[in-house]
Amino acid sequence: MATKDLRFFDFPDAERLPDGHPRRGMSVVAALSEWLVHTNRRLDGAWTQRYEHGVPVTDLEALQADGTTGTLIRFLPDTALRSQRLPTTDDLGRWASRWSDLQVRVDDQRESGSSSTGPVAE
């Protein structure tokens, strides 16, 4: 997460994201976020780690296995990015529809914001 994902950088045939940009990996999201918390759950255990501006600020922390699997990414985009137009729920739904197993939950915690929860793509 703290280094660029070499599967996607400088590879001309890298998969394009729904917005047309080339895929770069989670390291870019981590680097462009004030903070990011990455949690992985597997059948044999789970762990989490926090990053600030792409740099790990905690060690991998073991979590209690709860029988679920999947990856959860929570992040706060950098202030400079937050001043740009935010994607709408429709934007997220359209982008997420390309991956049938992806679920997106938007929790807008701004004072004037509202929350939209639940899967956008099923």
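**Reading salt bridges and strands**

Tutor: Arg50 and Glu52 form a salt bridge, with their closest N and O atoms 3.2 Å apart. Please bear in mind that this is a predicted model.

Student: How is such a distance judged, and how many salt bridges does the structure hold?

Tutor: A salt bridge requires a side-chain nitrogen of Lys or Arg within 4 Å of a carboxyl oxygen of Asp or Glu. The structure holds 3 salt bridges.

Student: Which residue forms a salt bridge with Arg94?

Tutor: The partner of Arg94 is Asp91, and the closest N and O atoms are 3.4 Å apart. Both residues belong to helix H3 (residues 89-96); they are 3 residues apart, so about one helical turn separates them. Arg94 is partly exposed at 48% relative accessible area, whereas Asp91 is buried at 10%.

Student: Which residue forms a salt bridge with Asp66?

Tutor: Asp66 pairs with Arg41, with 3.7 Å between the closest N and O atoms. This pair links distant parts of the chain, 25 residues apart: Arg41 is in strand E1, and Asp66 is in the loop between strand E4 (61-63) and E5. Asp66 has a relative accessibility of 45% and counts as partly exposed.

Student: With which strands does E1 pair, and in what sense?

Tutor: Strand E1 pairs with strand E5 (residues 70-77) in the antiparallel sense over 8 bridges. With strand E2 (residues 45-52), E1 also pairs in the antiparallel sense, over 7 bridges. A hairpin of 2 residues joins E1 to E2.

Student: Where does Arg41 stand in these pairings?

Tutor: In E5, Gly70 is the bridge partner of Arg41; in E2, Arg41 stands opposite Ala46.

Student: What does Thr39 touch?

Tutor: Leaving aside residues up to four places away in sequence, Thr39 touches Trp47, Thr48, Leu63, Gly70, Thr71 and Leu72. With Thr48, the side chain of Thr39 makes a polar contact, side chain to side chain, at 2.9 Å.

Conventions: Residues numbered from 1 in each chain as written. Predicted model: local features only at pLDDT ≥ 70, side-chain atom pairs only at ≥ 80, totals over all residues. Heavy atoms only, no water. Polar contact = N/O pair within 3.5 Å; in protein donor to acceptor, adjacent residues only side chain to side chain. Contact = heavy atoms within 4.5 Å. Pairing = 2+ DSSP bridges. Helix = DSSP H or I, 4+ residues; strand = E, 2+ residues; numbered from the N terminus. Buried < 20%, exposed > 50% of the residue type's maximum accessible area, 1.4 Å probe, protein only.
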